[in-house]
Amino acid sequence: MKQINGSSTGISKYEYDRRRFPLAEIVAQMFSMPVEQLERLHEALPQGYKMVQVADQLHVPFHRTFYDHVNPNGKNGFAQCQTSLGREFLDTYDLLARELIKVHLTEPSYFQVIPILRIQIPKNVAIVGRHRDADGDGRHHPDEVNVFLPVTDTYRSNTIWAESERDKKDFAPLEAKVGELIVWDGANLLHENRANDTGISRVSFDFRLWPFSKYVRRDGVYSLIMGVPMVAGGYFKS
Ligand SMILES: [Fe+2]
């Protein structure tokens, strides 16, 4: 994994070997489509389909498929076992997260057990509202580090728009190609989505890293979607 120049300040961009970490290919297999078709997955949805608000995303066709493959606990009515594709995805993700921690943070760190899938189809957003992840309900700690890993090329309005410094409000898109990922400070920087006018869908994963040196155990904080405790051994692993 090697660092390449970011398109804007305040982000670190890395290139990874797609043959070693074929996350896009595995997800495409889960969705029963060739990898090149991921950016057109909206064509498989009913016409005029309205994409999701955050809390509803488990009921969206492709989200449901992904979490059915990977969910290890069978919570919320999901499959009780991982499929072999689900296992393959998580093993590949684990390797990638560990390598990223080594090259970027260079210190032992926790990372999210299951990355979050986001889909932003044309004319839609993938998340609602402008926010910082550590604000509001305080689910995320300010020392968590965000990773954005798209499995379709992201540009302009089909990606996250983030400011480059706290309160600078100079929103710019996080642009990355398949095979690249972006490390950024989503806990402390304002970010939002805009209506996707690119004509192609964005399919992406995001997850957080949390250095051991900055970790604090916070009991009574649970993840929004799966209701998992936001602690090492729950939402985070090492
Ligand atoms: Fe966010």
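Colleague: Which residue in β10 stands opposite Phe 148?

Modeller: This is a predicted model: local features need pLDDT of at least 70, side-chain atom pairs count only at pLDDT 80 or more, and totals for chains, interfaces and linings use all residues. Residues are numbered from 1 along each chain as its sequence is written. Strands here are DSSP runs (E, at least two residues), numbered from the N terminus. In β10, the residue opposite Phe 148 is Asp 206.

Colleague: How many bridges join β5 to β10?

Modeller: Two strands pair if DSSP finds at least two bridges between them. β10 covers residues 202-211 and runs antiparallel to β5. The number of bridges joining them is 6.

Colleague: In β8, what is the bridge partner of Val 147?

Modeller: β8 spans residues 180-184. It runs antiparallel to β5, with 3 bridges between them. The partner of Val 147 is Val 183.

Colleague: Is β5 largely enclosed or left open, and why?

Modeller: A residue is buried if 20 or more other C-beta atoms, placed from the backbone, lie within 10 Å of its own; exposed means 12 or fewer, partly exposed in between. On one side of β5, Val 145, Val 147 and Leu 149 are buried; on the other, Asn 146, Phe 148 and Pro 150 are buried. With 6 of the 6 residues in 145-150 buried, β5 is therefore largely enclosed.

Note on methods:
Helix = DSSP H or I, 4+ residues; strand = E, 2+ residues; numbered from the N terminus.
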